[in-house]
Structures are given as structure tokens and as C-alpha cells.
Amino acid sequence: MKVSIIGTGYVGLTTGVALAELGNDIILVDVIPEKLRSIQGGQAPFYEPGVNELLSKHVGNGRIRTSLDTQASVMDTEITFISVGTPSREDGSMNDEYILSASNDIGKALASKDSFHVVVMKSTVVPGTTTGKIKPTLVASSNKQVGIDIGIAMCPEFLREGAAMHDSLNPDRVVIGCEDDGTFDILSGLFEPLGSKVLRTSPTSAEMIKYASNSLLATKISYANEISRICEAVGVDVYEIMEGVGMDFRISPQFLRAGVGFGGSCFPKDVSALMHIAKDLDLKTPILDGVMENNRIQPRHLVSMAERSVGPLEGLRIGVLGLAFKPDTDDIRETRSLPLIQELLRKGALVCANDPKAMDNFREIMQDIDYMEDPNAIVDGSDVIFLMTEWPEYRSIDWGSKEHLKGVFDGRRTVDPGQMKNLKYWSMGKPLAQ
Ligand code: UDX
Ligand code: UDX
């Protein structure tokens, strides 16, 4: 089928590449010309394993084209996905400015289109947005009838950064939230080659499934982190505990890795948005409040455990290894390294940082620390090290020869404790003396 995708961030671009791989013709639309130039040259504007290979393949064979023109792209296709950003406002509510402006442009094009066209909301939006905001905007600007001239659906995206291509091509489920059978048939046909389970719901349920899924995953992590602090004090290793817990098939071992907390563009934003929705409805959210509070605690907890171990950090040279919110990405959105570094600076430490992919992005939000390309050089010049992103590069440092270090504090189980025998090494979720 012919598909246009408005917004070429992680979600839009990987969706487009996956749909091209399934044999569809794709037009990727964005407002930023440099992004489109990069895509046209076979390079994603962000680092994501596996995307560039497939992108080059499909730009080369003509299945992927790019455009700055939303209306022309809609005219030229049968289905349009909306995947522009839905950032959080200061108060945690969702900013719907971009999705509404995209919907308005799509509607204007549909006004002069004769064939049935499906518009799919792919960005994460608060429950009720597709039916209550997107639909009226599309109808007002197109003057078309939903279910007869146009179809409207909400299909949430569940991909993980760093594994985006794999997740787009092998989803556990495809959720299609729509009101009419024609739209459902077109979309289930589009996704059929994936061979995944399909769940049909209303658009509002599809929107809520995304928030409820991400909030539950964030809850699992915060739960593991809360248990982790208790394990440290009780004298056991939280990884062993969660191995035992996760063997129960009702729980599963996934997302129980305790550490310095969750970052990224989804968990913090989606949990905050859900809390905001509930607050507007005069509902209390003690679980979600605790999930966010636990996430705030973890970086400070890591610093305070380091202080317990090596004494005051004031004046010490501290190396922070890892700035991306997880490995295999250059994304720093909501990375736990930011509150950690802010806490270290507040304590009067001198901070130098490294990341294999995310240093340029981090430099944009923090200028008052040093950056070094070589993690070995940072380790050599530091008194204390914090490991914040479990990049494999940090495992190949010759830790055995770094006996000058006062301590190494691992927020992510980055290195093998066997490598650290001669050092004072502590990873979160273990008793401090271990
Ligand atoms: C974003 C949201 O964060 C997520 O909640 C949602 O599910 C999908 O969109 P992501 O793809 O990671 O996820 O966002 P981002 O990298 O910010 O990409 C959005 C793209 O839309 C950018 O390339 C931006 O230039 C483009 N855009 C934005 C438009 O094309 N038009 C606009 O009006 C606004
Ligand atoms: C997440 C969801 O997994 C995905 O389904 C959704 O579409 C977008 O949000 P993403 O943010 O890309 O994906 O990464 P994910 O692998 O889920 O990790 C998020 C954060 O949680 C990272 O900071 C990671 O380090 C942390 N995490 C993850 C833990 O601390 N412990 C875990 O057990 C798992």
C-alpha cells in the first residue's frame, strides 16, 4: 500500500522502514529539511542499530521517499500515520500542538481527495485525543464523513530504542483502535505480514493501553529499585532476588533490573501524563506517585552510597561513564546521568564524562563539565568513577591496572565484578561492603 508518515523521529522513521520492508511504498514527511536530507542519504538522523542498512536499501529501491509537503504526500497515498512529537508541558500534561497542526494539514488535503483514506494516530496521546480532538480537526478541515470517506484509527507503538528495528518487525501485538470495519480491514491487512497477534479496540482504549503498558513497565522497575534498597540493607543481592521472583510465569523476569532508574522519551513522560490525567479527574495515584518518587531517589541514593564508601566528594575528580539513557542509542532524554551529575556538582566535585554515542547531545544541555573521547583517559585521571550506561566499551577497560581509584560505583551492573577485584567496587542492589 502507499503510506505517508508525518514526523520522522524514532517512531515515524522506524515505522516507515518496517512498512517498506513489508513491501509498502512510503513517503516520510518532516518539517526539518536537514533530517530529510539525511534520510534521503540513507542515514537516520539519530543512532539506532540496524536502521541505516534497511533505510539505505529502501531509499535505493525507491520504496522510501521523503517530503516537506504534508498535503501532497497525503494526496499521493492511501494511509497516513501521525508520529510527530507529543512532548510534556511543565505541569506534566501533553502538548498536542503538533498533532493538531498535522491533523489540520492532513484534513486540508483530504478535502480534495475522492478515494477512502485512513489516518492513523501513532504518537502516544492521552485517552480521548483521537476521538475528541483529531477526529473533529480532520472533519472540520476536510469536510468528509468518518467511516464513509475517511477512516480514523489509533495504533500505539511499543518499540524500544536500541532495539527499534527488531521491535517494529516483531511486535508482541498490534493494537488497532478504530470505529469502523473498513478501517480495521485495511490496517489489519497492512500489518498482517508481521504475523503478530492483533487486538481490535476503540481508539480511546488503544490510547489507554499504551499508557497502562508503559506505566506498568516503569512500575516494575521502580518496584525492583525499592526492593533493591532494602536488599542492600538486608545484605542480599537484588539480582538474585529478582531472578527468583521472575521465575514465576505470572511475573516474568523482564524489567526487574534494579539500578539508577528509568529514563528515555517514554516512561517518565507517560507516567507523568497519566498522573496528570488522573489529577484532572480528581483521582489519586499513589502507585504512580511512588513510581516517580523512586525514580527520583535512585541517582541521589547512588551518590550517597558513594559518600558512605569514600567520604565527601567535594574537590574529587569524578568520571561519569555513560550519558545515554540506555546503551545502543545517542538519546539523552530523561537520562539519569543528568540528575546524577547535577548532584555531584552540587557536592563540589569536578566532573568529566564520556559516552560512545551521546556526548554531543549531552553537551547541548550541560556545558560546565569536561568531556573526553577516551574512557580509559577519564578513568586514569579520576578519583572516583560512576558507571551510568551499560555500554560494552566500559567492560573492556583494563580495570585491574586502575588501583589509584578510590572507588567505582555502578548504577547498571555494567562490569563483571571479577574484573574489579583489586578495586573498591559497588553496584546498586548489593550490600555496600561486598
Ligand atoms: C514522539 C513522541 O515522543 C512519542 O510520544 C510519540 O509516541 C511519537 O513521537 P519520537 O519519534 O521519539 O516520539 O519523537 P521525535 O524524535 O521528537 O520525532 C518527532 C518528529 O516529528 C521530528 O522529526 C519533528 O521534526 C517532526 N515534526 C514535529 C513534524 O514533522 N511536524 C511537526 O509539526 C512537529
Ligand atoms: C520504552 C518501552 O519499553 C517501549 O515499549 C515503549 O514503546 C517506549 O518506552 P525505551 O524507553 O526505548 O522503551 O527503552 P526501555 O528498554 O524500555 O528502557 C527504558 C529505561 O528503563 C532505560 O533507562 C533503562 O535503562 C531502564 N530499565 C529498563 C531499567 O532500569 N531496568 C529494566 O529492567 C529495564
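An oxygen atom of ligand 2 is found 2.9 Å from a polar backbone atom of Gly-263, a polar contact in the sense of a pair of N or O atoms within 3.5 Å (within protein, one must be able to donate a hydrogen and the other to accept it, and residues adjacent in sequence count only if both atoms are side-chain atoms). The model is a predicted one, in which local features need pLDDT of at least 70 and side-chain atom pairs count only at pLDDT 80 or more, while totals for chains, interfaces and linings use all residues. Residues are numbered from 1 along each chain as its sequence is written, chains are lettered from A and ligands numbered from 1 in the order in which they are written, and side-chain values use heavy atoms, with hydrogens and water left out.

A polar backbone atom of Leu-256 lies 3.4 Å from an oxygen atom of the ligand, and Arg-412 brings a polar side-chain atom to 3.2 Å from an oxygen atom of ligand 2. On its own, ligand 2 exposes 660 Å², of which the protein buries 95% (accessible areas by the Shrake-Rupley method with a 1.4 Å probe; for residues, only the protein chains shown count as cover). Around ligand 2 there are 19 residues, and those that come nearest are Phe-158, Leu-159, Glu-161, Arg-257 and Lys-326; a residue is near a molecule or strand if one of its heavy atoms lies within 4 Å of it. This shell divides into nine nonpolar, three polar and seven charged residues, where Ala, Val, Leu, Ile, Met, Phe, Trp, Tyr, Cys and Pro count as nonpolar, Asp, Glu, Lys and Arg as charged, and the others, Gly among them, as polar. Helix α9 (residues 203–234) gives the most to the shell, with three residues; helices (H or I, at least four residues) and strands (E, at least two) are DSSP runs, numbered from the N terminus.

Ligand 1 is likewise surrounded by 19 residues, with Val-11, Asp-30, Lys-35, Thr-124 and Lys-269 the closest. For Lys-35, a polar side-chain atom lies 2.7 Å from an oxygen atom of ligand 1. Thr-86 also contributes a polar side-chain atom, at 3.1 Å from an oxygen atom of this ligand, whereas Val-84 uses a backbone N or O atom, at 3.3 Å. The protein covers 85% of the 690 Å² of accessible area that ligand 1 has on its own. By class, six nonpolar, eight polar and five charged residues make up the shell around ligand 1.

A pair of aromatic rings is described by the distance of the centres and the angle of the planes. The structure holds five aromatic pairs (rings of Phe, Tyr and Trp, the last by its six-membered ring, with centres within 6.5 Å; planes under 30 degrees apart count as stacked, over 60 as edge-to-face and the rest as tilted). One of them joins Phe-81 and Phe-191 edge-to-face, at 6.4 Å centre to centre and 75 degrees between the planes. Phe-81 belongs to strand β4 (residues 79–82) and Phe-191 to helix α8 (residues 181–191), so this pair ties together parts that are 110 residues apart in sequence.

A few individual residues complete the picture. Thr-201, in strand β8 (residues 197–201), is buried at a relative accessible area of 15%, and its side chain reaches the backbone nitrogen of Ala-206 at 3.4 Å. Ser-252 has a positive phi, near 70 degrees, in a residue other than glycine; Ser-252 lies in the loop between α10 (238–246) and α11 (267–280) and is partly exposed at 23% relative accessibility. Glu-334 also has a positive phi, of about 60 degrees, although it is not a glycine. The place of Glu-334 is in the loop between β9 (317–321) and α13 (337–346), where 45% relative accessibility makes Glu-334 partly exposed.

Technical notes
Buried < 20%, exposed > 50% of the residue type's maximum accessible area, 1.4 Å probe, protein only.
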